[in-house]
Amino acid sequence: MLEKEIHFLLMRCFHQSNRLIASQTYELDLHPGQPKILEYLYDHNKATAKEIGEYLVIDKSTMTSLLSRMLKQKLITKTNNPYDRRSNYISLTDKGYQKALQVKEIVWDVDKKIWNNIDESKQKQFIETLQLMMKNMEE
């Protein structure tokens, strides 16, 4: 019974939430992968492409094409990394920051829908359990 297997439930939850988010972020002229980069930069201010890719689990070639498109859209800027000449820092432009705020509103609304009718203590317990599961998989 797939309905009781964690890998199956996680996959279904991911695809459902991703579908809800993507349908709304597409209207912001954002392509798949861009919203999560905007969210990451909103929370971290600046980062290297490698840091973003590792955190968001995006491979190097996909990351390169996403960032290239985001540069053309003027959502991000690149500046020299004074600690490593082989990499650049990626930061949000004002336009990128505004898009990131819109993305945040969308994901907050989706999260609100996901957590509907689930009390706060169960939400907290679920998040803690999911974090432990991620840790188990990373080991």
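Reader: Which residue of β3 does Thr77 stand opposite?

Author: Thr77 stands opposite Ser91 in β3. The model is a predicted one.

Reader: How many bridges link strand β2 and β3, and is the pairing parallel or antiparallel?

Author: β2, residues 76-80, pairs with β3 over five bridges, in the antiparallel sense. β3 also has β1 as a partner: three bridges join the two strands, and they run antiparallel. Within that pairing, Ala47 has Ile90 of β3 as its bridge partner.

Reader: Is β3 largely enclosed or open, and why?

Author: The count of buried residues decides this. Four of the five residues of β3 are buried, so the strand is largely enclosed by the rest of the structure.

Reader: How should I read the two sides of a helix?

Author: An α-helix has 3.6 residues a turn, so residues three or four places apart point the same way. For the case here, take α3, residues 49-56, where Ile52, Gly53 and Leu56 are buried. These three lie on the same side of α3, because they cover an arc of only 95° around the axis.

Reader: Which residues are exposed on the other side of α3?

Author: Lys50, Glu54 and Tyr55 are exposed there.

Reader: Where is Asn45 found, and what is its phi?

Author: Asn45 is in the loop between α2 and β1. Its phi is positive, about 70°, although Asn45 is not a glycine. The residue counts as exposed, at 58% relative accessibility.

Reader: Where is Asp29 found, and is it buried, exposed or partly exposed?

Author: Asp29 is in the loop between α1 and α2, and at 49% relative accessibility it counts as partly exposed. The cut-off for exposed is over 50%. Phi of Asp29 is also positive, near 65°, in a residue other than glycine.

Reader: Now the lysines. Is Lys104 buried or exposed?

Author: Lys104, in helix α5, is buried, with a relative accessible area of 9%. The cut-off for buried is under 20%. Leaving aside residues up to four places away in sequence, Lys104 touches Glu39, Tyr42 and Asp43.

Reader: Which residues does Lys36 touch?

Author: With residues up to four places away in sequence not counted, Lys36 touches Leu56 and Ile58. Lys36 belongs to helix α2 and is partly exposed, at a relative accessible area of 35%.

Reader: How do I read the pockets?

Author: Rolling a probe the size of a water molecule over the atoms shows where empty space is left. In this structure the largest pocket has a volume of about 2100 Å³. Its lining is made up of 45 residues, and those nearest its centre are Phe14, Ser17, Ile21, Asp111 and Leu130. The elements giving two or more residues to that lining are α1 (6-25), α2, α3, α5 (94-115) and α6 (120-138).

Reader: Which element gives the most to the lining of the largest pocket?

Author: That is α1, with 14 residues. By class, the lining of the largest pocket has 27 nonpolar, eight polar and ten charged residues.

Reader: What is the volume of the second largest pocket?

Author: The volume of the second largest pocket is about 510 Å³. It is lined by 20 residues, of which Thr48, Ala49, Lys50, Lys60 and Ser87 are the closest to its centre. Two or more residues of this lining come from each of α3, α4 and β3.

Reader: Where does the largest share of the lining of the second largest pocket come from?

Author: It comes from α4, which gives six residues. Sorted by class, the lining of the second largest pocket has six nonpolar, seven polar and seven charged residues.

Key: Residues are numbered from 1 along each chain as its sequence is written. This is a predicted model: local features need pLDDT of at least 70, side-chain atom pairs count only at pLDDT 80 or more; totals for chains, interfaces and linings use all residues. Side-chain values use heavy atoms; hydrogens and water are left out. Buried means under 20% relative accessible area, exposed over 50%, partly exposed in between (1.4 Å probe, protein chains only). The arc is that of the directions from the helix axis to the C-beta atoms. Two strands pair if DSSP finds at least two bridges between them. On a 1 Å grid over the protein atoms alone, a cavity is a set of points where a 1.4 Å probe fits but cannot get out, and a pocket is an open set with protein on both sides within 12 Å along at least five of seven lines; lining residues have an atom within 4 Å of a point. Grid points are joined across faces, edges and corners, and a volume is the space filled by probe spheres set on the points. Ala, Val, Leu, Ile, Met, Phe, Trp, Tyr, Cys and Pro count as nonpolar, Asp, Glu, Lys and Arg as charged, and the others, Gly among them, as polar. Contact means heavy atoms within 4.5 Å.
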